[in-house]
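The sequence and structure come first.

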Amino acid sequence: MEPITIGLIGIAVLIVIFLLGLPVGFAMALVGFVGFCLVVTPSAALSLLPREFFETFSSYSLSVIPMFVFMGSIAFVSGMSGRLFNAAYILFGRMRGGLAMASIAATAGFSAICGSTSATAAAMGKVAIPEMNRYGYNRGFAAGCIAAAGGLGILIPPSTIFIIYGILVQESIGKLFISGVVPGILLALVFIGTVFIMCRINPNLGPAGGETTWRQKIMGLTGVIEMLIIFGLVLGGLFAGIFSPTQAGAAGATAAIIIGLVRRQLPFSAFWAAIKDTLQITAMIMIVVGGAMVFGKFMAVSQIPMFISNFIGELPISPMGVMGLIILMYILAGCFMDSLALIMLTIPILFPLVTKMGFDPIWFGVIIVMVTNIGVITPPVGINVFVIKGVVPDVPIASIFKGTLPFLAGMILVTALILIFPQIATWLPSFASY
């Protein structure tokens with residue numbers, strides 16, 4: 001059997017295994033190992049498997065993952081998400097739909113210290129949705145708002161998806177982080193504008209919130225100051241070339257710990273919970289990366305990337321047309337697959353084609369994050385929708401998906417703008433030192 005045929009069968013088998021629910025890392029390692037056995041030799045595959053996992057778990061570049069995960073965990077257990085919401089509520093709360101706008105602004109702020117979309121959605125959902133329910137917001141709209149805004153967690157740095165993408169394509173993680181700042185702020189503003197328009201069309205979706213005193217306004221600003229300290233330390237250090245990504249994550253985690261201790265809101269039980277959460281998430285990501293490396297080696301020897309690159313390169317369409325097809329593929333596949341698994345599966349195959357057509361790797365990374373963001377709120381997988389369903393079990397899943405639709409349109413709009421104006425993603429990284 002030809003290597004290309006084995007490779008195509010391997011991809012099909014892997015997708016089936018994903019749909020059956022086998023953990024992503026183990027699935028990719030299994031298919032990659034068997035495929036390497038068939039294309040090369042069993043002895044070569046037996047040598048490949050432990051080597052790739054050892055190199056993954058001993059890789060210094062991957063040490064950036066536990067640092068940023070730990071920073072986000074500490075920020076959550078020490079109550080920063082609640083303080084950010086209170087600060088945003090003071091700014092937007094009196095407006096019609098103001099609590100939803102405040103939730104989006106607070107989620108954007110929390111995204112600056114948490115690199116996970118599901119963690120961001122869960123953290124802000126627990127704080128914001130009860131408040132919106134108290135003021136009579138449409139429950140599906142409130143839940144859909146937080147599910148969509150949670151996607152900011154993998155766009156505004158730090159982002160685990162940017163880390164994985166950077167490692168896979170050997171691109172600067174620092175520049176990838178910085179590339180997400182402007183698109184993330186733009187997406188948050190589009191979401192806030194969406195709430196404003198929707199609540200003008202249908203005032204019952206989001207009534208106005210309550211009044212706040214000057215004392216509450218001043219006290220609420222402390223939540224913003226904490227976030228700005230951590231965000232400025234991490235991104236400022238990266239931008240100026242003072243920190244490597246791993247050092248920036250460590251500095252951010254240290255700052256989060258100090259803030260929690262100063263506020264006396266980081267008891268040992270919460271600190272220990274953050275450590276356990278960090279270990280679990282890091283181990284999961286490491287296994288996924290190790291499995292993806294094994295699968296990537298299988299793809300390389302099967303010559304699938306070269307075959308796809310040559311096939312698409314010969315199509316009578318422009319490079320931007322090819323990019324449109326890639327984006328459509330990601331959106332459709334994202335309806336059925338986890339975003340991390342999708343990136344691990346496709347980047348080794350598509351990235352050589354993207355660079356061959358002359359597209360900027362940093363820009364492409366932002367595009368990938370944008371389109372995988374769409375996948376976290378689209379059925380049937382829609383991981384953020386199911387996370388929010390866990391927060392508000394009494395709201396039907398169909399109502400949450402319906403509530404995300406206006407924000408889905410906003411995601412598509414921002415993606416189109418980044419396609420038309422690549423400088424949205426590439427301008428800021430061009431000044432970065434690291």
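## Buried face of H19

The buried residues of H19 are Asn384, Val385 and Ile388, where buried means under 20% relative accessible area, exposed over 50%, and partly exposed in between (1.4 Å probe, protein chains only). Viewed along the axis of H19, these buried residues lie within an arc of 100°, so they line one face of the helix; the arc is that of the directions from the helix axis to the C-beta atoms. An α-helix has 3.6 residues a turn, so residues three or four places apart point the same way. The buried residues of H19 pack against helix H7 (117-134), H8 and H20, with contact meaning heavy atoms within 4.5 Å. Helices (H or I, at least four residues) and strands (E, at least two) are DSSP runs, numbered from the N terminus.

## Basis of the values

The model is predicted: local features need pLDDT of at least 70, side-chain atom pairs count only at pLDDT 80 or more, and totals for chains, interfaces and linings use all residues. Residues are numbered from 1 along each chain as its sequence is written, and side-chain values use heavy atoms, with hydrogens and water left out.

## Salt bridges

Side chains of opposite charge can pair when their charged atoms come close. A salt bridge is a side-chain nitrogen of Lys or Arg within 4 Å of a carboxyl oxygen of Asp or Glu. By this rule the count comes to 3 salt bridges.

## Arginine 139 and aspartate 394

Arginine 139 pairs with aspartate 394 in a salt bridge, and their closest N and O atoms are 2.3 Å apart. This pair links distant parts of the chain, 255 residues apart: arginine 139 is in helix H8 (residues 139-149), and aspartate 394 is in the loop between helix H19 (383-391) and helix H20 (397-420). Arginine 139 is partly exposed at 33% relative accessible area, while aspartate 394 is exposed at 54%.

Lysine 297 and glutamate 52 form a salt bridge with the closest N and O atoms 3.4 Å apart. The two are 245 residues apart, with lysine 297 in helix H14 (residues 268-302) and glutamate 52 in helix H3 (residues 42-57). Glutamate 52 is buried, at 5% relative accessible area, whereas lysine 297 is partly exposed at 34%.

Glutamate 226 forms a salt bridge with arginine 263, the closest N and O atoms lying 2.2 Å apart. Glutamate 226 sits in helix H12 (residues 214-240) and arginine 263 in the loop between helix H13 (245-262) and H14, 37 residues apart. Glutamate 226 is buried at 7%; arginine 263 is partly exposed at 30%.
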